[in-house]
Amino acid sequence: MATRKTPAKSNTSKEDLLHFYRQMLLIRRFEEKAGQLYGMGLIGGFCHLYIGQEAVVVGLEAAADEGDKRVTSYRDHGHMLACGMDPKGVMAELTGRRDGYSKGKGGSMHMFSKEKHFYGGHGIVGAQVPIGAGLALADKYKGTDRVTFTYFGDGAANQGQVAETYNMAQLWDLPVVFVIENNQYAMGTSVKRSTRSPDFWERGAAYGIKGEAVDGMDVLAVKAAGEKAVAHCRSGKGPYILEVMTYRYRGHSMSDPAKYRTREEVQKIREERDAIEHVRELLLQGKHATDDELKAIDKEIKSIVNEAAEFAKESPEPDVSELWTDIYAEEAPQEA
Ligand SMILES: Cc1ncc(C[n+]2csc(CCOP(=O)(O)OP(=O)(O)O)c2C)c(N)n1
Ligand SMILES: [Mg+2]
């Protein structure tokens, strides 16, 4: 992974740095709590944690405007929190409770929020990529200047449907930012073992799509690249590819023997490249916050997450009659 290019002294405002710090910490603490609840048997099914990748979604959300859309894979809790969905509703969905975003019937991988323009949460690898282009097509058709962020992994990037989507998105100048979250592994398969063409963003050239790679452990670099990508899409020039170089600290899902990498590899990145630690250093070095102030933020975030966990535990399970609802549309959807 490339060394960090951002200088130790950043000219990003104190408010922005504090916002990034809070958001990334919220995702990390939320995911740690989800891991605990899973261990206690309170979360069923699959659960894929985002720990390590926080700067990707926080940086890109800082480049988004109201009304922009987002769609992602099953590693989706961070995306939901970063776009402003309520941690209580997300945690209640993880635990399969009535107050969850999908009334407890979707779980970790299947949550949506029309209000926040979050279109899932998709368990089938790569399936969200054409959906993202479709959302962008709807915006283009309606004549809005909204942009859709379509997130997928390095493993998904090798799929045929991604190539087909690139072709149509460029042909129709669709306002979609394709975000490849390259965390270097697809389950237990490293990028080195899955392709001889490891610079995923360069594949866009075959379809005429511009793009670039960006350091995904540096939230400021991600935001800057996101702004450039969004400006490209909003001005009607079509899609843009951002390959964001990141790393997941935890296993692929909650059951992962982790035999495909060493503990030392993970430890080295945690110690040398951690995105939250980076912003913490910028805040302290720039004298934007004291150690005590940062500790107080940590405490505040922990209490938000604890409240979400308590809320989830207290929320009842869905009624059995719910088995028969939300299967077919009961009335024609209204214009958004
Ligand atoms: C079509 C399909 N094939 C296989 C799987 C099983 N599977 C789930 S996640 C995954 C790896 C995907 O890796 P990547 O796209 O890099 O995303 P990451 O998990 O690293 O975020 C696989 C093979 C699936 N869910 N869907
Ligand atoms: Mg991956």
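**View 1. How much of the chain is buried.** A residue counts as buried if 20 or more other C-beta atoms lie within 10 Å of its own, as exposed if 12 or fewer do, and as partly exposed in between, with C-beta atoms placed from the backbone. By that rule, buried residues make up 48% of the 336 residues in the protein chain. Keep in mind that this is a predicted model, where local features need pLDDT of at least 70, side-chain atom pairs count only at pLDDT 80 or more, and totals for chains, interfaces and linings use all residues. Residues are numbered from 1 along each chain as its sequence is written, while chains are lettered from A and ligands numbered from 1 in the order in which they are written.

**View 2. The whole chain.** You can pick out 11 helices and seven strands here (DSSP runs numbered from the N terminus: helices are H or I with at least four residues, strands are E with at least two). The radius of gyration, taken over C-alpha atoms, is 20 Å, close to the 20 Å that the globule rule (2.2 Å times the number of residues to the power 0.38) gives for 336 residues, so the chain is as compact as a globular protein of that length. Along its principal axes, the C-alpha trace spans about 55 × 50 × 40 Å.

**View 3. The open sheet.** Five strands line up in the order E1-E2-E3-E7-E6, with parallel pairing (two strands pair if DSSP finds at least two bridges between them). Strand E1 (69–71) and strand E6 (210–215) are the edges, each pairing on one side only. Zoom in on E2 (residues 148–153) and E3 (residues 176–182), and you'll find six bridges; Thr148 stands opposite Val176 in E3.

**View 4. Helices against the sheet.** H5 packs on the sheet and touches E1, E2 and E3 (contact means C-beta atoms, placed from the backbone, within 7 Å). The direction of H5 makes about 175° with that of E2; axes are lines fitted to C-alpha atoms, for helices over the stretch in contact, and angles run from 0 to 180 degrees between N-to-C directions. Helix H8 (residues 219–234) lies across E3, E6 and E7, running at about 170° to E7.

**View 5. Two residues with positive phi.** Most residues other than glycine have a negative phi. His117, in the loop between helix H4 (87–94) and helix H5 (128–142), has phi near 55°. Is His117 buried or exposed? His117 is buried, with 21 other C-beta atoms within 10 Å. Ala258 also has a positive phi, about 55°, but Ala258 is exposed, with 12 other C-beta atoms within 10 Å.

Technical notes. Two residues are in contact if their C-beta atoms, placed from the backbone, lie within 7 Å.
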